[in-house]
Amino acid sequence: MSSGPHRPKLKPLGQPRAITVRTNENGAPVHVRLPGKTARRVDTVRERWRIDDEWWRETISREYWAVVLDDGRMLTLYRDLSDGAWYAQRE
Amino acid sequence: MSTPRSRLQSVPTHQGRGWASTSSGASDEWLITSAPDVGWASGPGAGTAFLPAPPRPSTGSRQALCLWLPTFELRLELVRSPGLDSTSVALLSPGESTRRTIWQVSERAYDAGVRPGQLVSQAVSLCTSLTLLEPDPAHYDAAVDTMLEVLTELTPVLEPAGRGRVFLGMDGLGRLYGSPPRQVDRALRALFRIFPAPLVAATRAGMAPGKFGAWVAAAAARTGEPVIVPEERLVPFLGRCPVNVLPVEALVVERLERLGIHTLGELVRFPEPSLVAQFGEDGRSALAWSTGRRVDPVRPWHRPRPIRASLKFSTPVGLVETLHGALDRLVERALSRPARRGRSVTGARLGAHLEGGGSWFVETVLREPTASRERIASPLRAKMAISPPPKAVETLLFELTHFGAPSAQTGLFDRKDESGRESGGHELAQGEVPPSLRDAVKELKLRLGHSPLYRVVEVDPWSRIPERRHALLCFDP
């Protein structure tokens, strides 16, 4: 039997998903819309931290936000500081 | 209902997990919803019965009746030895070999300063006339079985929650038994058939929508005075309850109290996101319980008939090696019973009748379903090493208590070498792929053209970048 289509052997887990975020004047997220879902208001910001890493190759610079949405759901999201795009990520 | 109050003075109400306190000023009427100043359940131990159920169509009974016999085990001992009723008695905690502690205490012992959780030496120094009793789990379990059997005649929807506490689903029984007070009365009368009057008289009964409401009602009830909460009064009733009735982590309750939130009524004033932000999932659950939004129905309880095997020694045995050998034989015997019908085993229990009375038990829940003798016996041997029988064993008892899917399927993951011998303790990552699994992957590859199985591997588990920590590796042995 011929070999099947080539498939990657290693699949990363916890890949970030692009999301749409509206921020306030301080850059904090106020509304979050996950792909295919309705926008939710950010009720509380639980935590905020920054990661700057891998400067020796392609610099990773992210500002993370752990938030609680108005429906009670907890979400970790980050803003890629290199291009300003927002992502949700399962930790 | 007749209530022999003279007997009630001597029955114990104190046990290790601090369930409820009684209060004076009893009335003889049926209590429809409770007054806020009655005794309450305390501690998160109540949570054992209220694990959040996964969302699924309700198949249980919304109207729940909780029957609760505090210090059930000690009461059974006093029923068995009535002479002890007028003395200070304490039941030793099961499963400890060196530093024995007190589990349950009688009223007299409590008055003398003996408390659950104390070391035996402390208890004896406080009360020199204290009678210490070894626990007899086999006797208690037999009493629970009898109780469930009798209550099954009343309603088919029955859900036990530990010894001495049972939930009855009462939906649709009104036309059969009458009003809720009559239904409670009927349930208590059923208990009179198997338990002596003092034991039944000490039973607390609470009826409400959902198990949580019924349990809180039972904890608030006084002996002989059931608390019945109608649907429309559930929220106000819960609103008066202290936060320590919530089946959440003790730390959450402590923090709520520190924040000045003492009752469920005060708790419901807070918006859900704020509670989630503060307490996580527990905050959400607490609000759902408090507002009556989460009503957990009583679900019919199904217990598979256990497969039992026992071995009576000609002379009592204390030697561990002999007991291990006997355990192996019993496991083999139980596994070979036709009643197993090829099912795998997920839970087992080892017990013993001890020399000079009393019994002993250890239980194990297996990490994965199996029908291998060694995998069943091994955790029981480990438990026996931690908590050995306190006395020589007259009869060794073994039970397969929980069952999984037929064992032929799980054999796929048995780690055996080519000769069929166990090679347990090794990870698949070490290259020791069981032949059965290798064959299964081969078959899947033939069908699909590739192996659809993956294994989670650590790439850089301490990385600050989440997607660098773990990955799925194609499993293709």
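Residues are numbered from 1 along each chain as its sequence is written, and chains are lettered from A and ligands numbered from 1 in the order in which they are written. In this predicted model, local features need pLDDT of at least 70 and side-chain atom pairs count only at pLDDT 80 or more, whereas totals for chains, interfaces and linings use all residues.

The model scores ipTM 0.84 and pTM 0.57. The average pLDDT (the predictor's confidence in each residue, from 0 to 100) of chain B is 79, and 82% of the residues score at least 70. Residues 51–57 of chain B have pLDDT below 50, and this stretch has 2 contacts beyond near neighbours in sequence (C-beta atoms, placed from the backbone, within 7 Å). Residues 414–427 of chain B also have pLDDT below 50, with 19 contacts beyond near neighbours in sequence.

Chain B contains an open sheet of 4 strands in the order β11-β14-β12-β13, with antiparallel pairing. Strands (E, at least two residues) and helices (H or I, at least four residues) are DSSP runs numbered from the N terminus, and two strands pair if DSSP finds at least two bridges between them. Strands β11 (307–317) and β13 (359–370) of chain B are at the edges with a single partner strand each, so one side of each lacks a neighbour in the sheet. From one strand to the next the twist averages 15°. Strands β12 (residues 343–354) and β14 (residues 393–406) of chain B run antiparallel and are joined by 10 bridges; B:Val345 stands opposite B:Phe403 in β14(B).

Two helices of chain B lie across β12 and β13 of chain B. Helix α5 (residues 137–152) runs at about 70° to β13(B), and helix α16 (residues 373–386) at about 140° to β13(B). Axes are lines fitted to C-alpha atoms, for helices over the stretch in contact, and angles run from 0 to 180 degrees between N-to-C directions.
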